[in-house]
Amino acid sequence: MHNAAATPTSTNRIEAIELFIQHLVLVIECHHSFNAEALDRWVGLCCDRMDTTGSSAPATVAALRQLQRKVLS
């Protein structure tokens, strides 16, 4: 469930960057064969879970998805 209607604020964008870096570090630590496609899949999965669980603000998740598209596409 993507929350495309949420408009990210500067704070949401900063939070999204922090989340992105956290995901990047986790994937690098856990997988010896790491590439951009693996990170893209992982961040997408995490965003889906954050949407489902409500563990991050919807606008922050939207900002993370925007960052994901910008960085990994």
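Guide: Leaving out residues up to four places away in sequence, Asn12 touches Thr7, Ala57, Ala59, Thr60 and Ala63. Contact here means heavy atoms within 4.5 Å. This is a predicted model: local features need pLDDT of at least 70, side-chain atom pairs count only at pLDDT 80 or more, and totals for chains, interfaces and linings use all residues. Residues are numbered from 1 along each chain as its sequence is written, and side-chain values use heavy atoms, with hydrogens and water left out.

Asn12 has a relative accessible area of 10%, so Asn12 is buried. The cut-offs are under 20% for buried, over 50% for exposed, and partly exposed in between (1.4 Å probe, protein chains only). The side chain of Asn12 also makes a polar contact of 2.9 Å with that of Thr9. Such a contact is a pair of N or O atoms within 3.5 Å; within protein, one must be able to donate a hydrogen and the other to accept it, and residues adjacent in sequence count only if both atoms are side-chain atoms.

Now the helix. Asn12 lies in helix 1, residues 10-30. Helices are DSSP runs (H or I, at least four residues), numbered from the N terminus. Helix 1 meets helix 2 through Leu19, Phe20, His23, Leu24, Leu26 and Val27. On the helix 2 side are Leu39, Trp42, Val43, Cys46 and Met50. Cys46 is buried, at 12% relative accessibility.

Conventions. Helix = DSSP H or I, 4+ residues; strand = E, 2+ residues; numbered from the N terminus.
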